[in-house]
Amino acid sequence: MALCSVSAEVIRQVEESLDEDEREMLLFLCRDVAEDLVLPNLRDLLDSLSERGQLCDVTLAELLYRVRRFDLLKRILKMDKVTVEAQLSRHPPLVSDYRVLMMEIGENLDKSDVSSLLFLTRDYIGRGKAAKDKSFLDLVIELEKQNLIASDQLNLLEKCLKNIHRIDLKTKIQKYMQSVQGTGTSYVNPLKASLPNLNLKDPSYNSRLQNGRSKEQRLVEHLGMQREPVKKSIQETGAFVPKHIHEERYRMQSRPLGICLIIDCIGNDKEILQDAFTSLGYQVQHFCYLSVTGIEKVLNRFAHMPQHLDYDSFVCVLVSRGDSQGLLGVDQTHPGLSFDSIKKIFMGDACPSLIGKPKLFFIQNYVVAEDHLEDSSLPEVDGPAMRHVDSKAFQPGFCTVHREADIFWSLCKTDVSQLRSPDSSSVYLQNLCQKLEQERKRPLVDLHVELIDNVYAWNSRVSSKEKYYLSLQHTLRKKLILSNA
């Protein structure tokens, strides 16, 4: 890289404009290029990189792009997002793809996820270093120090994510490792892996382990993950049973299987959704073009329907404009209906008729840019998007099912510009309906993992505005197959 530098005034403006979390992310992203430096804060780091010729306007723009401070790109560096993306596609980036991946995973974890990961690893990094106030990036740094994680050694993180049911992030790691292995290198930053293909929430990325029976292997055994050929894992739970024990499945024998509530505020995929869930054996009820208040009223009404007592499951499909935290329906301004509040309506304490039964949510959210909304702040969600249930709720014979158990939450986001034509169909919903109709006798989680792969393949062929970002969270306790056959 050619020698270059950034003025002290620019460094000061950038550092003072960032919040604490953004400073932490940039310090983490620069760990590889500043591994010989021990610096207390971001300003000193940027100044040292500038003195060594590693920081110029282009590389500083890359860092601001990574933390999505496009306002600072424009105000301080006089660049826009498209310009930075073009530069990243032409020149080797400052930040490794591995660091970007870890940052994106951290941004997709809620507080409960991080707490679970800290708990699972505390015997190996030390209980003090796994304190509750640590962030995910703090945890990654401690695991790196213990040689338990590296750019080409992500088995431990992948298995821990599976153990806390974050299959979407496990898939992200697998796709990353495939891209690294595909270049024939063990590390980072192949030019073809430009930033748009490693965007936030892009389903992406697998791994290896060395040195015999390492700490990571002992942790895997401690977590009860598969190590011996005579045992097989129960789908996505991390526990295992001997082969002769039949794998437990949700009962799916009622006719209909349950109610499928479709709330569609866009209208482009009405027929395929209705046909798919009707063919599965659901009683489909469809509502179109509702306001936020209307959506909330319908959700509450359906949560209290007595028919659930006779059925084995419930499905809710939501298609709407929205933002990163919730849905807007046909409303043009905030506040919207947060995802957290939607889940709470159907949890065990609020909807007792569905306790112990799978509750499935499929959401297509067409994201409106924050600056296009009159009031760009939803009320902050109180608590994580989906807390992980107490292990006692999963033990056979335990009499109480946790209020947040048995939820399957598939959320897909894409830019609202995808709706430029009145008949624009959702790639996510089209692929989902096709899989549900053609492969209904396979476990739903397996189908969804393949669905993520399909969406990732689509993203590799299109522009950033046309990409779909698909994630899965679930607290299913048994295998789920959407068929009463």
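Q: Are Phe 277 and Tyr 282 buried or exposed?

A: A residue is called buried under 20% relative accessible area, exposed over 50%, and partly exposed in between (1.4 Å probe, protein chains only). Both Phe 277 and Tyr 282 are buried. This is a predicted model, in which local features need pLDDT of at least 70 and side-chain atom pairs count only at pLDDT 80 or more, while totals for chains, interfaces and linings use all residues. Residues are numbered from 1 along each chain as its sequence is written, and side-chain values use heavy atoms, with hydrogens and water left out.

Q: How many aromatic pairs does a search of the whole structure find?

A: A pair of aromatic rings is described by the distance of the centres and the angle of the planes. Rings of Phe, Tyr and Trp (its six-membered ring) pair if their centres lie within 6.5 Å; planes under 30 degrees apart are stacked, over 60 edge-to-face, and the rest tilted. The search of the whole structure gives 10 such pairs. In the pair of Phe 277 and Tyr 282, the ring centres are 6.3 Å apart and the planes meet at 75 degrees, so it is edge-to-face. For Phe 362 and Phe 408 the centres are 5.8 Å apart and the planes stand at 50 degrees, so this pair is tilted. It links distant parts of the chain, since Phe 362 is in strand E8 and Phe 408 in strand E9 (residues 407–415), 46 residues apart. Phe 362 and Phe 408 are both buried.

Q: Which residues form one aromatic cluster?

A: The cluster consists of Phe 314, Phe 339, Phe 346, Phe 361 and Trp 409. One of these rings also has a charge over its face: Lys 343 lies over Trp 409, at 4.3 Å from the ring centre. A charge sits over a ring if NZ of Lys or CZ of Arg is within 6 Å of the ring centre and within 35 degrees of the ring normal. Arg 99 likewise lies over the face of Phe 28, at 4.7 Å from the ring centre.

Q: Where is Lys 359 placed?

A: Helices (H or I, at least four residues) and strands (E, at least two) are DSSP runs, numbered from the N terminus. Lys 359 belongs to strand E8, which covers residues 359–367.

Q: Which side chain of opposite charge is nearest to Lys 359?

A: Lys and Arg count as positive and Asp and Glu as negative, whereas His and the chain ends are not counted. A salt bridge is a side-chain nitrogen of Lys or Arg within 4 Å of a carboxyl oxygen of Asp or Glu. Lys 359 is buried but has no salt bridge, and the nearest side chain of opposite charge, Asp 406, is 4.4 Å away. A polar atom of the Lys 359 side chain lies 2.9 Å from the backbone oxygen of Leu 354. The backbone oxygen of Lys 357 lies 2.8 Å from a polar atom of that side chain.

Q: Which residues does His 448 touch, not counting residues up to four places away in sequence?

A: Contact means heavy atoms within 4.5 Å. Apart from residues up to four places away in sequence, His 448 touches Phe 408, Ser 410, Leu 470, Ser 471 and Leu 472. His 448 lies in helix H17 and has 2% relative accessibility, which means that it counts as buried. Val 455 is in helix H17 (residues 444–459) too, and its relative accessibility is 0%, so Val 455 is buried. With the same exclusion in sequence, Val 455 touches Tyr 468 and Leu 470. The C-alpha atoms of Val 455 and Tyr 468 are 6.6 Å apart, although 13 residues separate the two along the chain.

Q: How many salt bridges does a search of the whole structure find?

A: The search finds 28 salt bridges. Lys 435 forms one with Glu 450, with the closest N and O atoms 3.0 Å apart. Lys 435 lies in helix H16 (residues 427–438) and Glu 450 in helix H17, so this pair ties together parts that are 15 residues apart in sequence. Lys 435 is buried, at a relative accessible area of 10%, whereas Glu 450 is partly exposed, at 27%.

Q: Which residues are linked in a network of salt bridges?

A: Glu 9, Arg 12, Glu 15, Glu 16, Arg 23 and Arg 43 are linked in this way.

How values were computed. A polar contact is a pair of N or O atoms within 3.5 Å; within protein, one must be able to donate a hydrogen and the other to accept it, and residues adjacent in sequence count only if both atoms are side-chain atoms.
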